[in-house]
Amino acid sequence: MQPATTTTKPNRPGQKPDDGHEQTESARMLRRLAERVGPKNYENWFLGRCTVTVEGDEVRFGVGSPFVVNWMQRQFREAMQDTATEVLGPSARVRLDVDPSVMPEVVGGGDPAAKRPPVVAGSGTASSAGEGEPGGDGRRSATRRRFADLGDFVVGESNRLAWTAASRICDAPAEGLSPLYLHGHVGVGKTHLLEGIYRRIRRLYPSLRVTYLTAETFTNYFTAALRERSTPGFRQRFRSIDVLLVDDVGFLDAKKGVQEEFLHTLKQLEANGSHVVLTANQHPRLLAKFSEELSSRLMAGLVCRIEPPELGTRREIVGRLAERMSVTFTPEALAVVARRFTHSVRELKGALYCLQNWSIASGRQRISAPVSRRVLAELERDCIRIVALGDVERAICSLFGVGAAELKSSRRTRSLVQPRMLAMFLARKHTQAAYSEIGEFFGGRNHSTVMSAVAKVQDWLSTDTPVMVSTQSWSVQEVVDSIEQQLLAG
(Lines give C-alpha, C1' and ligand atoms only; values in the text may rest on other atoms or scores of the structure.)
Protein backbone atom coordinates (compact mmCIF):
# COMPACT_ATOMS: atom_id res chain seq x y z
CA MET A 1 0.00 0.00 0.00
CA GLN A 2 1.35 3.41 -0.92
CA PRO A 3 2.12 5.45 2.25
CA ALA A 4 1.06 8.98 3.05
CA THR A 5 3.77 11.64 2.84
CA THR A 6 6.32 11.24 5.65
CA THR A 7 8.88 13.63 7.07
CA THR A 8 11.41 13.10 9.86
CA LYS A 9 13.05 15.13 12.61
CA PRO A 10 15.80 14.24 15.16
CA ASN A 11 14.71 12.42 18.30
CA ARG A 12 16.67 14.80 20.56
CA PRO A 13 18.27 18.22 20.00
CA GLY A 14 21.71 17.82 18.55
CA GLN A 15 21.29 14.15 17.72
CA LYS A 16 22.03 13.15 14.14
CA PRO A 17 18.84 11.69 12.70
CA ASP A 18 18.75 8.08 11.70
CA ASP A 19 16.75 8.49 8.50
CA GLY A 20 16.35 4.79 7.93
CA HIS A 21 15.08 4.24 11.46
CA GLU A 22 12.62 7.15 11.29
CA GLN A 23 11.30 6.18 7.89
CA THR A 24 10.82 2.63 9.14
CA GLU A 25 8.82 3.90 12.11
CA SER A 26 6.68 6.07 9.87
CA ALA A 27 6.10 3.26 7.40
CA ARG A 28 5.20 0.84 10.20
CA MET A 29 2.84 3.39 11.71
CA LEU A 30 1.06 3.97 8.42
CA ARG A 31 0.72 0.25 7.74
CA ARG A 32 -0.77 -0.31 11.18
CA LEU A 33 -3.01 2.75 10.79
CA ALA A 34 -4.34 1.50 7.45
CA GLU A 35 -5.25 -1.79 9.12
CA ARG A 36 -7.08 0.02 11.95
CA VAL A 37 -9.10 2.51 9.89
CA GLY A 38 -9.66 0.28 6.86
CA PRO A 39 -8.43 0.71 3.27
CA LYS A 40 -11.24 3.06 2.21
CA ASN A 41 -10.76 5.52 5.09
CA TYR A 42 -6.99 5.34 4.64
CA GLU A 43 -7.29 6.12 0.95
CA ASN A 44 -9.75 8.98 1.49
CA TRP A 45 -8.09 10.70 4.45
CA PHE A 46 -4.41 9.71 4.64
CA LEU A 47 -3.14 8.66 1.22
CA GLY A 48 -1.67 11.79 -0.35
CA ARG A 49 -3.71 13.89 2.08
CA CYS A 50 -1.43 14.30 5.07
CA THR A 51 2.19 14.46 6.20
CA VAL A 52 3.50 12.33 9.09
CA THR A 53 6.37 13.66 11.20
CA VAL A 54 8.02 11.64 13.98
CA GLU A 55 10.01 13.56 16.58
CA GLY A 56 10.98 11.60 19.65
CA ASP A 57 7.78 10.17 21.08
CA GLU A 58 5.52 12.66 19.27
CA VAL A 59 3.80 11.94 15.97
CA ARG A 60 2.50 14.94 14.08
CA PHE A 61 -0.13 14.49 11.36
CA GLY A 62 -0.30 17.52 9.04
CA VAL A 63 -3.51 18.01 7.04
CA GLY A 64 -4.90 20.55 4.61
CA SER A 65 -7.27 22.69 6.69
CA PRO A 66 -8.80 23.20 10.15
CA PHE A 67 -11.94 21.60 8.76
CA VAL A 68 -10.04 18.33 8.27
CA VAL A 69 -8.29 18.68 11.65
CA ASN A 70 -11.65 18.84 13.43
CA TRP A 71 -13.13 15.97 11.45
CA MET A 72 -10.13 13.67 11.90
CA GLN A 73 -10.02 14.45 15.62
CA ARG A 74 -13.55 13.11 15.88
CA GLN A 75 -13.14 10.15 13.57
CA PHE A 76 -9.59 8.87 13.85
CA ARG A 77 -7.99 10.26 17.04
CA GLU A 78 -8.30 7.00 18.94
CA ALA A 79 -6.98 4.92 16.02
CA MET A 80 -4.01 7.26 15.52
CA GLN A 81 -3.16 7.26 19.23
CA ASP A 82 -3.39 3.46 19.51
CA THR A 83 -1.18 3.08 16.44
CA ALA A 84 1.43 5.52 17.77
CA THR A 85 1.47 3.69 21.12
CA GLU A 86 1.92 0.35 19.37
CA VAL A 87 4.86 1.60 17.30
CA LEU A 88 6.60 4.07 19.64
CA GLY A 89 5.61 2.81 23.07
CA PRO A 90 3.30 3.95 25.90
CA SER A 91 4.69 7.50 26.01
CA ALA A 92 3.71 8.20 22.39
CA ARG A 93 1.74 11.38 21.72
CA VAL A 94 -0.28 12.37 18.64
CA ARG A 95 -0.80 15.90 17.35
CA LEU A 96 -2.96 17.09 14.44
CA ASP A 97 -2.06 20.39 12.77
CA VAL A 98 -2.62 22.28 9.53
CA ASP A 99 0.29 21.77 7.14
CA PRO A 100 0.39 24.39 4.33
CA SER A 101 2.24 21.96 2.08
CA VAL A 102 -0.94 19.87 1.73
CA MET A 103 -3.40 22.80 1.71
CA PRO A 104 -5.93 22.12 -1.06
CA GLU A 105 -5.69 24.41 -4.09
CA VAL A 106 -9.12 25.61 -5.06
CA VAL A 107 -9.01 28.58 -7.41
CA GLY A 108 -6.91 27.99 -10.47
CA GLY A 109 -5.05 25.10 -8.87
CA GLY A 110 -6.79 22.15 -10.42
CA ASP A 111 -8.91 19.59 -8.69
CA PRO A 112 -7.08 18.14 -5.65
CA ALA A 113 -9.41 15.18 -5.69
CA ALA A 114 -7.65 14.06 -8.86
CA LYS A 115 -4.63 13.04 -6.74
CA ARG A 116 -6.46 9.88 -5.73
CA PRO A 117 -9.17 7.63 -7.11
CA PRO A 118 -12.53 9.39 -7.33
CA VAL A 119 -15.43 8.51 -5.06
CA VAL A 120 -18.65 7.87 -6.97
CA ALA A 121 -21.41 10.24 -5.77
CA GLY A 122 -23.99 8.38 -3.79
CA SER A 123 -21.82 5.32 -3.13
CA GLY A 124 -20.04 6.60 -0.06
CA THR A 125 -20.99 8.65 2.97
CA ALA A 126 -21.34 11.89 1.06
CA SER A 127 -24.67 13.01 -0.29
CA SER A 128 -25.44 12.44 -3.94
CA ALA A 129 -25.51 15.46 -6.19
CA GLY A 130 -29.27 15.69 -6.35
CA GLU A 131 -31.02 18.26 -4.19
CA GLY A 132 -32.84 16.92 -1.19
CA GLU A 133 -31.00 13.61 -0.91
CA PRO A 134 -29.47 13.24 2.58
CA GLY A 135 -26.12 11.53 2.69
CA GLY A 136 -25.27 8.18 4.10
CA ASP A 137 -27.93 5.98 2.57
CA GLY A 138 -26.13 5.27 -0.69
CA ARG A 139 -29.04 6.26 -2.91
CA ARG A 140 -28.52 8.18 -6.10
CA SER A 141 -30.76 11.14 -6.79
CA ALA A 142 -33.36 10.57 -9.49
CA THR A 143 -32.46 13.89 -11.12
CA ARG A 144 -28.97 15.34 -11.47
CA ARG A 145 -28.41 19.06 -11.20
CA ARG A 146 -25.34 21.10 -11.87
CA PHE A 147 -24.39 23.06 -8.78
CA ALA A 148 -22.98 26.57 -9.04
CA ASP A 149 -19.28 27.12 -8.40
CA LEU A 150 -17.86 29.60 -5.89
CA GLY A 151 -15.25 30.49 -8.50
CA ASP A 152 -18.00 31.84 -10.78
CA PHE A 153 -19.43 34.14 -8.10
CA VAL A 154 -18.80 37.83 -8.87
CA VAL A 155 -17.50 39.44 -5.68
CA GLY A 156 -18.16 43.09 -4.85
CA GLU A 157 -18.68 45.29 -1.82
CA SER A 158 -22.30 44.13 -1.60
CA ASN A 159 -21.41 40.48 -1.04
CA ARG A 160 -17.73 40.27 -0.06
CA LEU A 161 -18.37 39.33 3.58
CA ALA A 162 -20.76 36.53 2.61
CA TRP A 163 -18.41 35.18 -0.08
CA THR A 164 -15.46 35.22 2.34
CA ALA A 165 -17.47 33.32 4.95
CA ALA A 166 -18.59 30.78 2.34
CA SER A 167 -15.01 30.22 1.23
CA ARG A 168 -13.75 29.87 4.80
CA ILE A 169 -16.33 27.28 5.74
CA CYS A 170 -15.02 25.15 2.85
CA ASP A 171 -11.30 25.72 3.19
CA ALA A 172 -10.43 26.75 6.74
CA PRO A 173 -13.49 27.32 8.94
CA ALA A 174 -12.91 29.08 12.23
CA GLU A 175 -14.53 29.04 15.65
CA GLY A 176 -17.92 30.77 15.66
CA LEU A 177 -18.51 30.51 11.92
CA SER A 178 -21.26 27.87 12.17
CA PRO A 179 -24.14 28.26 11.72
CA LEU A 180 -23.46 30.56 8.79
CA TYR A 181 -26.68 32.42 7.96
CA LEU A 182 -26.85 34.25 4.61
CA HIS A 183 -29.79 36.60 4.02
CA GLY A 184 -30.86 39.21 1.50
CA HIS A 185 -33.46 40.00 -1.13
CA VAL A 186 -34.28 37.51 -3.84
CA GLY A 187 -31.78 37.18 -6.67
CA VAL A 188 -28.68 38.48 -4.88
CA GLY A 189 -26.72 35.20 -4.90
CA LYS A 190 -27.63 33.32 -1.70
CA THR A 191 -28.37 30.03 -3.46
CA HIS A 192 -25.27 30.40 -5.65
CA LEU A 193 -23.10 30.60 -2.52
CA LEU A 194 -24.86 27.67 -0.88
CA GLU A 195 -24.46 25.50 -3.98
CA GLY A 196 -20.84 26.63 -4.27
CA ILE A 197 -20.14 25.49 -0.71
CA TYR A 198 -21.70 22.11 -1.48
CA ARG A 199 -19.73 21.67 -4.68
CA ARG A 200 -16.38 22.70 -3.20
CA ILE A 201 -16.67 20.54 -0.07
CA ARG A 202 -17.73 17.57 -2.18
CA ARG A 203 -14.68 18.10 -4.39
CA LEU A 204 -12.16 18.60 -1.60
CA TYR A 205 -13.52 16.09 0.91
CA PRO A 206 -15.63 13.51 -0.94
CA SER A 207 -15.88 11.25 2.11
CA LEU A 208 -17.65 13.86 4.23
CA ARG A 209 -21.38 13.42 4.66
CA VAL A 210 -22.79 16.57 3.03
CA THR A 211 -26.49 17.30 2.57
CA TYR A 212 -27.94 20.13 0.49
CA LEU A 213 -31.71 20.67 0.48
CA THR A 214 -34.41 23.32 0.81
CA ALA A 215 -36.36 23.91 4.01
CA GLU A 216 -39.45 22.71 2.14
CA THR A 217 -37.73 19.40 1.39
CA PHE A 218 -36.69 19.06 5.05
CA THR A 219 -40.34 19.64 5.99
CA ASN A 220 -41.50 17.00 3.51
CA TYR A 221 -39.04 14.45 4.86
CA PHE A 222 -40.15 15.15 8.42
CA THR A 223 -43.88 14.98 7.73
CA ALA A 224 -43.34 11.73 5.78
CA ALA A 225 -41.42 10.31 8.75
CA LEU A 226 -44.28 11.25 11.08
CA ARG A 227 -46.81 9.69 8.76
CA GLU A 228 -44.79 6.50 8.37
CA ARG A 229 -43.74 6.45 12.05
CA SER A 230 -40.10 6.42 11.05
CA THR A 231 -38.80 9.49 12.94
CA PRO A 232 -35.81 7.59 14.47
CA GLY A 233 -34.52 6.87 10.96
CA PHE A 234 -35.17 10.47 9.91
CA ARG A 235 -33.18 11.78 12.87
CA GLN A 236 -30.33 9.38 12.25
CA ARG A 237 -30.07 10.60 8.66
CA PHE A 238 -30.02 14.31 9.48
CA ARG A 239 -28.22 14.39 12.83
CA SER A 240 -25.17 12.36 11.87
CA ILE A 241 -24.02 14.34 8.84
CA ASP A 242 -20.93 16.57 8.71
CA VAL A 243 -22.21 19.54 6.70
CA LEU A 244 -25.87 20.60 6.44
CA LEU A 245 -26.84 23.20 3.81
CA VAL A 246 -30.45 24.45 3.90
CA ASP A 247 -31.86 26.94 1.40
CA ASP A 248 -34.82 29.24 2.14
CA VAL A 249 -35.10 28.48 5.86
CA GLY A 250 -37.84 31.13 6.09
CA PHE A 251 -40.19 28.46 4.72
CA LEU A 252 -40.34 27.12 8.30
CA ASP A 253 -42.07 30.30 9.51
CA ALA A 254 -45.18 29.42 11.58
CA LYS A 255 -44.50 25.65 11.28
CA LYS A 256 -44.02 24.99 14.98
CA GLY A 257 -43.57 21.22 14.83
CA VAL A 258 -41.00 21.36 12.04
CA GLN A 259 -39.22 24.25 13.76
CA GLU A 260 -38.83 22.20 16.93
CA GLU A 261 -37.40 19.25 14.99
CA PHE A 262 -35.07 21.57 13.06
CA LEU A 263 -33.90 23.17 16.32
CA HIS A 264 -33.01 19.79 17.82
CA THR A 265 -31.22 18.86 14.61
CA LEU A 266 -29.11 22.04 14.84
CA LYS A 267 -28.31 21.34 18.49
CA GLN A 268 -27.13 17.82 17.74
CA LEU A 269 -25.04 18.90 14.77
CA GLU A 270 -23.44 21.62 16.86
CA ALA A 271 -22.62 19.09 19.58
CA ASN A 272 -21.03 16.85 16.92
CA GLY A 273 -18.86 19.68 15.59
CA SER A 274 -20.65 19.65 12.25
CA HIS A 275 -21.12 22.72 10.07
CA VAL A 276 -24.45 24.31 9.12
CA VAL A 277 -25.10 26.92 6.43
CA LEU A 278 -28.55 28.46 5.96
CA THR A 279 -30.08 31.02 3.62
CA ALA A 280 -33.21 33.15 3.94
CA ASN A 281 -34.67 36.37 2.62
CA GLN A 282 -34.75 37.97 6.06
CA HIS A 283 -32.59 38.39 9.14
CA PRO A 284 -33.43 35.80 11.85
CA ARG A 285 -34.97 38.53 14.02
CA LEU A 286 -37.41 39.36 11.23
CA LEU A 287 -38.79 35.83 11.07
CA ALA A 288 -41.72 36.83 13.25
CA LYS A 289 -43.22 33.36 13.63
CA PHE A 290 -40.01 31.57 14.53
CA SER A 291 -39.60 30.46 18.12
CA GLU A 292 -37.29 32.69 20.16
CA GLU A 293 -34.93 29.76 20.85
CA LEU A 294 -34.59 28.91 17.16
CA SER A 295 -34.04 32.56 16.20
CA SER A 296 -31.29 32.89 18.80
CA ARG A 297 -29.71 29.64 17.62
CA LEU A 298 -29.59 30.97 14.04
CA MET A 299 -27.80 34.09 15.28
CA ALA A 300 -25.26 32.12 17.35
CA GLY A 301 -22.79 31.92 14.46
CA LEU A 302 -22.16 34.40 11.66
CA VAL A 303 -25.05 36.31 10.07
CA CYS A 304 -24.19 37.91 6.70
CA ARG A 305 -26.45 40.21 4.71
CA ILE A 306 -26.05 40.26 0.92
CA GLU A 307 -27.05 43.56 -0.63
CA PRO A 308 -28.18 44.05 -4.23
CA PRO A 309 -25.07 44.35 -6.43
CA GLU A 310 -23.59 47.80 -6.86
CA LEU A 311 -22.91 49.22 -10.34
CA GLY A 312 -19.37 47.88 -10.71
CA THR A 313 -20.44 44.38 -9.73
CA ARG A 314 -23.43 44.53 -12.07
CA ARG A 315 -21.17 45.49 -14.96
CA GLU A 316 -18.94 42.50 -14.34
CA ILE A 317 -21.95 40.19 -14.01
CA VAL A 318 -23.52 41.25 -17.31
CA GLY A 319 -20.12 41.02 -18.98
CA ARG A 320 -19.70 37.41 -17.89
CA LEU A 321 -23.25 36.49 -18.83
CA ALA A 322 -22.91 38.11 -22.25
CA GLU A 323 -19.77 36.07 -23.00
CA ARG A 324 -21.86 32.89 -22.90
CA MET A 325 -24.41 34.13 -25.42
CA SER A 326 -24.28 33.89 -29.19
CA VAL A 327 -25.19 37.57 -29.55
CA THR A 328 -22.63 40.38 -29.72
CA PHE A 329 -23.19 43.22 -27.23
CA THR A 330 -21.37 46.51 -27.45
CA PRO A 331 -19.84 47.70 -24.14
CA GLU A 332 -22.32 50.59 -24.16
CA ALA A 333 -25.26 48.20 -24.50
CA LEU A 334 -24.07 46.20 -21.49
CA ALA A 335 -23.62 49.43 -19.53
CA VAL A 336 -27.28 50.27 -20.20
CA VAL A 337 -28.33 46.92 -18.72
CA ALA A 338 -26.12 47.36 -15.67
CA ARG A 339 -27.43 50.87 -14.96
CA ARG A 340 -31.15 50.17 -15.44
CA PHE A 341 -31.58 46.93 -13.47
CA THR A 342 -30.37 47.36 -9.94
CA HIS A 343 -32.21 44.94 -7.65
CA SER A 344 -30.97 41.46 -8.47
CA VAL A 345 -28.86 39.26 -10.71
CA ARG A 346 -32.03 37.66 -12.05
CA GLU A 347 -33.15 41.01 -13.43
CA LEU A 348 -29.83 41.35 -15.24
CA LYS A 349 -30.16 37.86 -16.68
CA GLY A 350 -33.72 38.50 -17.77
CA ALA A 351 -32.74 41.74 -19.51
CA LEU A 352 -29.94 40.03 -21.45
CA TYR A 353 -32.20 37.15 -22.48
CA CYS A 354 -34.77 39.68 -23.66
CA LEU A 355 -32.15 41.39 -25.83
CA GLN A 356 -30.93 38.03 -27.13
CA ASN A 357 -34.47 37.08 -28.11
CA TRP A 358 -34.92 40.43 -29.88
CA SER A 359 -31.68 39.76 -31.77
CA ILE A 360 -32.92 36.36 -32.93
CA ALA A 361 -36.32 37.71 -33.92
CA SER A 362 -34.88 40.67 -35.83
CA GLY A 363 -31.96 38.81 -37.38
CA ARG A 364 -29.46 41.36 -36.05
CA GLN A 365 -26.43 39.82 -34.31
CA ARG A 366 -25.12 43.01 -32.75
CA ILE A 367 -26.88 44.80 -29.89
CA SER A 368 -26.05 48.49 -29.58
CA ALA A 369 -26.84 50.94 -26.78
CA PRO A 370 -29.82 52.57 -28.61
CA VAL A 371 -31.35 49.14 -29.26
CA SER A 372 -30.75 48.16 -25.63
CA ARG A 373 -32.47 51.31 -24.36
CA ARG A 374 -35.50 50.88 -26.63
CA VAL A 375 -36.08 47.16 -25.99
CA LEU A 376 -35.49 47.40 -22.23
CA ALA A 377 -37.77 50.43 -21.90
CA GLU A 378 -40.62 48.25 -23.14
CA LEU A 379 -39.61 45.50 -20.67
CA GLU A 380 -39.55 47.94 -17.75
CA ARG A 381 -42.96 49.31 -18.71
CA ASP A 382 -44.46 45.82 -18.68
CA CYS A 383 -42.87 44.94 -15.32
CA ILE A 384 -43.77 47.99 -13.26
CA ARG A 385 -45.05 46.95 -9.86
CA ILE A 386 -47.93 49.17 -8.70
CA VAL A 387 -48.16 49.37 -4.89
CA ALA A 388 -51.61 50.16 -3.49
CA LEU A 389 -52.60 51.32 -0.02
CA GLY A 390 -54.11 47.90 0.63
CA ASP A 391 -50.74 46.27 -0.11
CA VAL A 392 -49.08 48.41 2.56
CA GLU A 393 -51.84 47.60 5.04
CA ARG A 394 -51.52 43.83 4.47
CA ALA A 395 -47.71 43.88 4.80
CA ILE A 396 -47.84 45.86 8.06
CA CYS A 397 -50.58 43.68 9.56
CA SER A 398 -48.73 40.50 8.62
CA LEU A 399 -45.44 41.58 10.18
CA PHE A 400 -46.85 43.06 13.39
CA GLY A 401 -49.64 40.52 13.84
CA VAL A 402 -52.42 43.11 14.09
CA GLY A 403 -55.79 43.29 12.36
CA ALA A 404 -56.71 45.88 9.74
CA ALA A 405 -59.51 47.19 11.96
CA GLU A 406 -57.07 47.67 14.86
CA LEU A 407 -54.59 49.46 12.61
CA LYS A 408 -57.30 51.94 11.55
CA SER A 409 -58.83 52.34 15.00
CA SER A 410 -58.46 55.31 17.33
CA ARG A 411 -56.52 53.30 19.91
CA ARG A 412 -53.13 54.78 20.75
CA THR A 413 -51.27 51.92 22.38
CA ARG A 414 -47.62 51.60 21.37
CA SER A 415 -48.26 48.23 19.70
CA LEU A 416 -50.58 50.03 17.25
CA VAL A 417 -49.10 53.54 17.01
CA GLN A 418 -45.75 52.40 15.64
CA PRO A 419 -47.21 50.11 12.94
CA ARG A 420 -49.74 52.81 11.99
CA MET A 421 -47.01 55.45 11.54
CA LEU A 422 -44.88 53.03 9.55
CA ALA A 423 -47.87 52.25 7.33
CA MET A 424 -48.41 55.94 6.58
CA PHE A 425 -44.69 56.47 5.91
CA LEU A 426 -44.50 53.53 3.48
CA ALA A 427 -47.78 54.47 1.82
CA ARG A 428 -46.42 57.94 1.13
CA LYS A 429 -43.13 56.52 -0.18
CA HIS A 430 -44.47 53.74 -2.40
CA THR A 431 -47.87 54.92 -3.61
CA GLN A 432 -49.10 57.94 -5.52
CA ALA A 433 -51.69 58.73 -2.84
CA ALA A 434 -51.89 62.21 -1.36
CA TYR A 435 -51.57 62.83 2.39
CA SER A 436 -55.33 63.26 2.68
CA GLU A 437 -56.02 59.95 0.85
CA ILE A 438 -53.60 58.09 3.12
CA GLY A 439 -55.15 59.60 6.23
CA GLU A 440 -58.65 58.71 5.07
CA PHE A 441 -57.63 55.11 4.31
CA PHE A 442 -55.99 54.60 7.72
CA GLY A 443 -58.96 55.48 9.89
CA GLY A 444 -60.25 58.81 8.59
CA ARG A 445 -57.29 60.89 9.83
CA ASN A 446 -56.41 64.30 8.41
CA HIS A 447 -53.42 65.13 6.24
CA SER A 448 -51.44 66.77 9.08
CA THR A 449 -51.52 63.50 11.04
CA VAL A 450 -49.99 61.68 8.07
CA MET A 451 -47.34 64.38 7.60
CA SER A 452 -46.45 64.10 11.29
CA ALA A 453 -46.20 60.29 11.04
CA VAL A 454 -43.91 60.50 8.00
CA ALA A 455 -41.64 62.98 9.76
CA LYS A 456 -41.60 60.81 12.88
CA VAL A 457 -40.52 57.66 11.01
CA GLN A 458 -37.83 59.63 9.18
CA ASP A 459 -36.55 60.69 12.60
CA TRP A 460 -36.60 57.04 13.77
CA LEU A 461 -34.53 56.04 10.75
CA SER A 462 -31.94 58.75 11.36
CA THR A 463 -31.55 57.75 15.04
CA ASP A 464 -31.99 53.99 14.51
CA THR A 465 -34.87 53.86 16.97
CA PRO A 466 -35.93 50.31 17.94
CA VAL A 467 -39.43 49.10 17.05
CA MET A 468 -41.28 46.38 18.95
CA VAL A 469 -42.41 43.47 16.77
CA SER A 470 -44.28 40.94 18.88
CA THR A 471 -41.99 40.55 21.91
CA GLN A 472 -38.76 41.45 20.12
CA SER A 473 -37.02 44.77 19.60
CA TRP A 474 -35.93 45.32 15.97
CA SER A 475 -34.06 48.06 14.19
CA VAL A 476 -36.52 50.31 12.37
CA GLN A 477 -34.37 50.00 9.24
CA GLU A 478 -34.75 46.20 9.35
CA VAL A 479 -38.51 46.58 9.66
CA VAL A 480 -38.70 48.96 6.72
CA ASP A 481 -36.45 46.72 4.60
CA SER A 482 -38.58 43.68 5.37
CA ILE A 483 -41.87 45.38 4.46
CA GLU A 484 -40.45 46.97 1.31
CA GLN A 485 -39.21 43.58 0.19
CA GLN A 486 -42.77 42.25 0.44
CA LEU A 487 -44.21 45.25 -1.38
CA LEU A 488 -41.74 45.18 -4.27
CA ALA A 489 -41.92 41.39 -4.61
CA GLY A 490 -45.68 41.56 -5.02
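I began with strand 5 (residues 180-183) and strand 8 (residues 275-280), which run parallel and are joined by four bridges. Strands and helices here are DSSP runs numbered from the N terminus, with E over at least two residues for strands and H or I over at least four for helices.

A note on the model: it is predicted, with local features needing pLDDT of at least 70 and side-chain atom pairs counting only at pLDDT 80 or more, while totals for chains, interfaces and linings use all residues. Residues are numbered from 1 along each chain as its sequence is written, and side-chain values use heavy atoms, leaving out hydrogens and water.

Five strands form an open, parallel sheet in the order 6-7-8-5-9; pairing takes at least two DSSP bridges between two strands. I found strand 6 (210-214) and strand 9 (302-305) at the edges, each pairing on one side only. Neighbouring strands of this sheet are turned by 10° against each other on average, direction ignored.

Helix 6 (residues 215-228) packs on the sheet and touches strand 6 and strand 7 (243-247). I read about 100° between the directions of helix 6 and strand 6. Contact means heavy atoms within 4.5 Å. Angles run from 0 to 180 degrees between N-to-C directions, with axes fitted to C-alpha atoms, for helices over the stretch in contact.

Then I turned to strand 12 (residues 466-469), which pairs with strand 13 (residues 472-475) in the antiparallel sense over four bridges. Val469 has Gln472 of strand 13 as its bridge partner. Strand 12 shows a covered face with Val467 and Val469, and an uncovered one with Pro466 and Met468.

My last pair was helix 16 (residues 414-430) and helix 18 (residues 447-463), packed at about 100° with axes 8 Å apart. Helix 16 and helix 18 are therefore roughly perpendicular, a label for 65 to 115 degrees. The contact includes Met421 and Phe425 of helix 16 and Val450 and Trp460 of helix 18. By class, I noted ten nonpolar, three polar and two charged residues in this contact.

Finally, I checked the whole chain, which has 19 helices and 13 strands. Buried residues (under 20% relative accessible area, 1.4 Å probe, protein chains only) make up 49% of its 490 residues. Among contacts between residues at least 6 apart in sequence, 73% join residues at least 24 apart.

How values were computed: Angles under 35 degrees count as roughly parallel, over 145 as roughly antiparallel, 65 to 115 as roughly perpendicular and the rest as oblique. Ala, Val, Leu, Ile, Met, Phe, Trp, Tyr, Cys and Pro count as nonpolar, Asp, Glu, Lys and Arg as charged, and the others, Gly among them, as polar. Buried means under 20% relative accessible area, exposed over 50%, partly exposed in between (1.4 Å probe, protein chains only).
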